[in-house]
Amino acid sequence: MHIGLIILCLGYVLSQFYRAFLAVLTSALETDIGTTPEDLAFASGLWFLTFAAMQLPVGWALDRIGPSRTAAALLLVGGGGGALLFAVSTAPIHVSLAMVLIGVGCSPVLMASYYIFARQYPPRQFATLAAVMLGVGSLGNLVASYPTALAVEWVGWRGTMIGLAVVSALVAVGIGVTVRDPEKVSAPDDAPKGSVLDILRMPVLWPIFLLMLVAYAPSAALRGLWIGPYLSDVFNMSRADVGLASLAMGIAMILGTFAYGPMDRLLGTRKGVILGGNLLGGLALCGLMMWIDGPVVLVIALLAAVGFFGASFPVILAHGRAFVPPHLVGRGVTMLNFFGIGGVGIMQFASGRLHAKMAGADLSVPYFAIFAFFTIFLAVGCAIYLLSQDRLD
């Protein structure tokens with residue numbers, strides 16, 4: 001199973017790449033096919049919403065079909081096919097359609113890994129294993145920064161996407177060959193029989209769902225798109241410099257993931273770790289509003305802080321997973337992921353509209369509005385999360 005998990009991790013590297021690479025393609029796509037930041041916000045939002053919507057059938061497939069065939073088939077058709085469609089795009093709508101397909105392809109990869117962790121490892125290890133998978137997979141976030149900017153300079157964005165289509169297909173085949181499905185678990189006679197409604201009928205999960213809806217959105221949306229237009233518009237940074245800033249934020253997100261992983265066991269509280277980290281992320285967003293026009297080094301440091309403290313995703317998921325019975329693990333983790341990824345998609349759509357509405361002579365105003373938007377929703381999510389029950393097992 002270890003080689004299978006390694007290949008799944010490679011698949012998750014691709015997933016992280018695809019959610020973040022648009023930030024460094026902004027100027028190239030604008031020049032070649034006329035995309036605007038709003039077009040790319042729409043395409044990015046479609047990726048996240050498609051990914052989120054797929055969590056419902058993916059949860060069913062993990063419990064009924066197994067992670068191997070589910071992840072391999074979707075990544076091959078969606079990831080490989082979507083990247084190929086992106087490579088031949090000639091209009092913004094083609095980019096959006098390609099991102100939908102790629103969202104389908106990436107949707108099962110992380111959850112297939114988490115399903116295996118939940119079924120084959122002790123529950124107390126879940127948060128750490130989930131954080132390690134997320135942290136290593138987040139190398140895709142780094143590849144989507146400066147290395148991608150270099151690749152676009154060398155072979156063009158179309159050549160880069162053709163290469164990604166080939167890599168996606170090869171990883172999909174590798175998953176199908178190496179990953180072995182855990183044995184299926186039957187529901188006890190007196191337990192819920194396995195509908196996703198059984199997950200939604202658990203009141204203990206709702207404060208966790210609602211924090212998940214807003215906690216991942218600031219770091220994912222800023223790193224995935226807005227860091228590029230913000231630094232280009234306000235500070236007139238080049239594509240290569242934007243790539244370096246994106247790299248710094250991506251590294252911070254990886255470090256944050258590894259930092260969050262063991263903290264619940266070290267401090268004896270999962271709720272406290274999640275709440276404290278997200279409040280610090282909110283303070284970093286407030287800092288971006290205060291110093292919206294620079295200095296640029298401070299701005300990049302604050303963006304990195306948003307990425308670091310916004311990496312609580314695996315610990316929030318572990319918190320919710322602790323309340324889910326074994327036979328509903330597939331549906332449970334994918335429902336949590338549904339809220340996390342869906343929140344990014346919804347807020348990315350909204351941030352694109354907000355950017356367009358606030359655009360004017362002062363180039364910093366739309367980005368101030370975007371930072372304020374994320375701050376308000378994160379604060380509301382933290383307030384609701386105070387109602388949750390703490391649990392470590």
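Cysteine 286 is partly exposed, with a relative accessible area of 27%, where buried means under 20% relative accessible area, exposed over 50%, and partly exposed in between, using a 1.4 Å probe and protein chains only. This is a predicted model, in which local features need pLDDT of at least 70 and side-chain atom pairs count only at pLDDT 80 or more, while totals for chains, interfaces and linings use all residues. Residues are numbered from 1 along each chain as its sequence is written, and side-chain values use heavy atoms, with hydrogens and water left out.

Across the whole structure the search finds zero disulfides, a disulfide being a pair of cysteine sulfur atoms within 2.5 Å.

Turning to the lysine, lysine 271 lies in helix H14, where helices are DSSP runs (H or I, at least four residues) numbered from the N terminus. At 16% relative accessibility, lysine 271 counts as buried. Its contacts, meaning heavy atoms within 4.5 Å, include His319, Tyr385 and Asp390, leaving aside residues up to four places away in sequence. Histidine 319 is 48 residues from lysine 271 in sequence, yet their C-alpha atoms are 7.7 Å apart. The side chain of lysine 271 also reaches the backbone oxygen of serine 388 at 2.8 Å.

Helix H14 (270-290) comes back when we look at the cavities, as one of the helices that each supply at least two residues to the lining of the second largest cavity. A cavity here is a set of points on a 1 Å grid over the protein atoms alone where a 1.4 Å probe fits but cannot get out, and lining residues have an atom within 4 Å of a point. The second largest cavity holds about 50 Å³ of space, and H14 gives the largest share of its lining, four residues.

The largest cavity has a volume of about 130 Å³, and of its 17 lining residues, Tyr12, Gln16, Leu134, Ser138 and Tyr216 lie nearest its centre.

How values were computed
On a 1 Å grid over the protein atoms alone, a cavity is a set of points where a 1.4 Å probe fits but cannot get out, and a pocket is an open set with protein on both sides within 12 Å along at least five of seven lines; lining residues have an atom within 4 Å of a point. Grid points are joined across faces, edges and corners, and a volume is the space filled by probe spheres set on the points. A polar contact is a pair of N or O atoms within 3.5 Å; within protein, one must be able to donate a hydrogen and the other to accept it, and residues adjacent in sequence count only if both atoms are side-chain atoms.
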